[in-house]
Amino acid sequence: MLVRVLSSSYLGIEPFLVEVEVDVTNGLPIFNIVGLGDATISESRDRIRSGIKNMGYLLEPRRIVVNLTPANIRKRGSHFDLPIAIGIMVGMKFISDYSGVLKDYLLMGELSLTGEVRRADGIISGVLLAKSKGFKGVIIPEENLEEASIIKDIEIIPVKNLRDVVKFIEEGVIRSKRITNSTNLSENLLDMWDVKGQIRAKRALEIVAAGGHNIIMIGAPGSGKSMLAKRLTTILPSMSEKEIIETTKIYSIAGELSDRVPIITNRPFRDPHHTSTASSIIGGGRTPKPGEISLANNGVLFLDEFTEFDRIVIESLREPLEEKRISITRSLGKMEFPAKIIFIAACNPCVLQ
């Protein structure tokens, strides 16, 4: 029996639709996943098998082949656990009436060995994709509910385990809820009011904040450079809804969100150590991921001890600061990451002897 379940993946930070095809037939018992999935997807076989079994369903030996379409684009992430598991359960007739839900909803979520649906990265990208493609809604882990709730005009179905998904597919009911007034859990405890004196330095930072300029601060150790830089975000304007969504999307894909900080509502402040590599600052890797400059998008990137950074890192900053974006080309294709930042550098003065 062939079953199609819809999900999503992303290249860089841009999402694309993935059709999870599950074929369950009689024959030599195997469980193969094809379609250029990464190691996380390959390892999902054991999580899915144990999760379905521990939810009380009897898995008979069958020939199971899973194809992730389009098959020519590499996919990564643990959020494919849920659509693959649901496809298998439908193929084995554990779920009866399913046609409408599988056509109208995107499924995303990681499975535990007990069948619980856990938090996954990149959920907000899938919600944005579902909205742009005209889907009715998304089925996601309950732990990702607050992150997904910032996207309006689409139905969000939070689930705790496979039984919740089965209940929604068969009966259309769930403990559906949407968080509308999220507490600002990323609140910055620092404030420019804490700084006494430093009149000229504070005036310079006011000009930086007003015009979105970059700045370099040169002064002796202990003169207050880092203290001032860390408080710049407190005098910047509040983030708009569009900026909150864009920044949260980047943090979600990078795996930087958590139960404590599910949404980025304050302007980010990133201060990587001077031993950081160029790929960690700019972004990249075999499968390109956002770097510190993209994680600081709509906020501040602070490089303390600027002269101690590697020459390649310093030279790599020129284009992102000019173009406000980063373009990375790999064999997978060309990916762009946003880099709309205020850049602050700090270093000690040169002492002539």
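**Helix packing and a cavity**

Author: Helices α3 and α7 are oblique to each other, because oblique is the class left once angles under 35 degrees count as roughly parallel, over 145 as roughly antiparallel and 65 to 115 as roughly perpendicular. This is a predicted model, in which local features need pLDDT of at least 70, side-chain atom pairs count only at pLDDT 80 or more, and totals for chains, interfaces and linings use all residues. Residues are numbered from 1 along each chain as its sequence is written, and side-chain values use heavy atoms, with hydrogens and water left out.

Reader: At what angle do α3 and α7 pack, and how far apart are their axes?

Author: Axes are lines fitted to C-alpha atoms, for helices over the stretch in contact, and angles run from 0 to 180 degrees between N-to-C directions. Here α3 and α7 (residues 162-171) pack at about 60°, with axes 11 Å apart.

Reader: Which residues make the contact?

Author: Contact means heavy atoms within 4.5 Å. From α3 come L82, A85, I86 and M89, and from α7 come L162, V165, V166 and I169.

Reader: How is α2 placed against α3?

Author: The axes of α2 (residues 44-54) and α3 (residues 81-91) come within 10 Å and cross at roughly 55°. The pair α2 and α3 is therefore oblique as well.

Reader: Which residues lie nearest the centre of the largest cavity?

Author: A cavity is a set of points on a 1 Å grid over the protein atoms alone where a 1.4 Å probe fits but cannot get out, and lining residues have an atom within 4 Å of a point. Ten residues line the largest cavity, with Y10, L11, R74, R76 and T287 nearest its centre.

Conventions: Helices (H or I, at least four residues) and strands (E, at least two) are DSSP runs, numbered from the N terminus. On a 1 Å grid over the protein atoms alone, a cavity is a set of points where a 1.4 Å probe fits but cannot get out, and a pocket is an open set with protein on both sides within 12 Å along at least five of seven lines; lining residues have an atom within 4 Å of a point.
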